[in-house]
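Subject: A structure for you to look at

Hello,

I am handing over a structure that I have been going through. Please open it first, and then read on for what I found.

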Amino acid sequence: MSNPTYTVIFYLFAAITVCSAAFVVFTRNVIYSAFSLLFTFFGAAALYVFLSADFIAVTQVVVYVGGILVLLLFGVMFTNSIMKVQKSEVINIIPGTLLLVGMIGAMLYTFYTTHGWMPSETLLQGSIVERIGFETMSRYVLPFEMVSILLLAALIGAAFLARFDKSSK
Amino acid sequence: MTEQLTTIGLNHYLTISAFLLGFGLFAVITRKNAIVVLMGVELILNAANINFLAFSKFNGGMEGVMFALFVIVIAAAEAAIALAIVINIYKIFKSVDVSSIDSLKE
């Protein structure tokens with residue numbers, strides 16, 4: 001774990017994730033936010049690989065980058081004209097900044113002043129794809145089926161809500 | 001101190017997650033564009049996922065991994081529904097400004 005290459009790559013991906021997340025929040029242009037979110041999702045996927053959750057990393061890339069980000073870009077393009085640069089206005093800047101600084105400060109203070117973490121002797125190692133398959137079909141089979149019904153209902157609902165309504169025109 | 005910096009432990013992941021949560025909450029509170037608010041929600045969900053996977057890794061169990069998988073599925077459903085609602089709001093109000101949608105107010 002204290003391999004220097006490993007550490008350097010970890011810090012690189014951590015910096016990519018945090019800096020692009022900051023850019024998502026602090027830039028005023030909606031298109032720039034959407035594209036910066038791409039780097040945040042890729043950085044988070046790389047961190048999932050460091051946490052030996054390779055399957056979750058692949059799912060993150062497929063679902064977030066391939067699905068949610070494309071949906072968000074479609075949302076931006078539906079609701080703004082692409083030629084005029086859309087600035088998103090800012091409200092509640094004082095309470096927002098106070099909450100941002102206060103929350104991050106309080107959490108970091110707690111993490112670095114308490115030494116209460118006791119990691120288990122058996123960390124997750126190697127690939128977990130096979131273990132995810134076992135867990136899905138044994139302990140988590142009911143949530144798995146429920147989430148499939150939820151997805152179906154959500155997709156039908158989204159298609160119903162967003163469809164072009166002729167009678168209202 | 002240097003040993004703490006070079007050995008990647010639980011605190012490193014929790015720090016990244018804290019930053020993502022703070023930025024996401026900041027976007028949700030301060031932005032008027034509904035789509036940027038949605039991006040903030042996605043940042044918060046990613047922060048939760050990093051926490052789940054970090055605790056799962058250092059605990060050695062599979063609970064956090066399964067929970068992270070379900071979080072991703074539900075985030076996809078949430079994004080689809082939310083975008084559909086935003087597009088409907090744009091059709092009715094001709095804007096996606098969350099503070100201009102106040103027709104339930106007296």
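At what angle do the axes of helix α1 (residues 4-26) of chain A and α2(A) cross, and within what distance do they come? Before the reply, please keep in mind that this is a predicted model. The two axes cross at roughly 150° and come within 8 Å. An angle over 145° counts as roughly antiparallel, so α1(A) is roughly antiparallel to α2(A). Their crossing is left-handed.

You can pick out the residues that form this contact. On the α1(A) side they are F10(A), F13(A), I16(A), T17(A), S20(A), A21(A), F23(A) and V24(A). Their partners in α2(A) are S33(A), S36(A), L37(A), F39(A), T40(A), G43(A), A44(A), A46(A), L47(A) and F50(A). By type, the contact of α1(A) with α2(A) has 12 nonpolar and 6 polar residues, and no charged ones.

Now for chain A as a whole. The chain has 6 helices and 0 strands, and its pattern along the sequence reads α-α-α-α-α-α. Chain A has 169 residues, of which 22% count as buried. If you take the contacts in chain A between residues at least 6 apart in sequence, 58% of them join residues at least 24 apart.

S52(A) sits in the loop between α2 (30-50) and α3 (54-79) of chain A. Its phi is near 55°, a positive value in a residue other than glycine. S52(A) has 18 other C-beta atoms within 10 Å, so this residue is partly exposed. The other is A159(A), which lies in helix α6 of chain A. Is A159(A) buried or exposed? With 11 other C-beta atoms within 10 Å, A159(A) is exposed. Between the C-alpha atoms of A159(A) and F13(A) there are 36 Å, and the two residues are 146 apart along the chain.

Next, please turn to the place where the chains meet. How many residues does each chain bring to the contact? Chain A brings 70 residues and chain B brings 60. On the side of chain B that touches chain A, α2 (10-30), α3 (34-59) and α4 each supply at least two residues. The largest share of that side, 20 residues, comes from α4(B). Sorted by type, the residues of this side of chain B are 43 nonpolar, 13 polar and 4 charged.

Helix α6 (residues 141-162) of chain A packs with helix α4 (residues 63-93) of chain B at an angle of about 15°, and their axes are 9 Å apart. The pair α6(A) and α4(B) is therefore roughly parallel, and the crossing is left-handed. From α6(A), the residues in the contact include P143(A), V147(A), L150(A) and L151(A). Those they meet in α4(B) include F70(B), V73(B), A77(B) and A80(B). The contact of α6(A) with α4(B) is made up of 17 nonpolar and 2 polar residues, with no charged ones.

Last, a word on confidence. The predictor gives the complex an ipTM of 0.89 and a pTM of 0.89. For chain B, the mean pLDDT is 88, and 97% of the residues reach 70 or more.

Best wishes

Technical notes
Residues numbered from 1 in each chain as written. Chains lettered and ligands numbered in written order. Predicted model: local features only at pLDDT ≥ 70, side-chain atom pairs only at ≥ 80, totals over all residues. Axes fitted to C-alpha atoms, helices over the stretch in contact; angles between N-to-C directions. Helix = DSSP H or I, 4+ residues; strand = E, 2+ residues; numbered from the N terminus. Parallel < 35°, antiparallel > 145°, perpendicular 65-115°, else oblique. Left-handed = near helix turned anticlockwise from the far one by under 90°. Contact = placed C-beta atoms within 7 Å. Nonpolar A, V, L, I, M, F, W, Y, C, P; charged D, E, K, R; others polar. pLDDT = per-residue confidence, 0-100. Buried ≥ 20, exposed ≤ 12 C-beta atoms within 10 Å, placed from the backbone.
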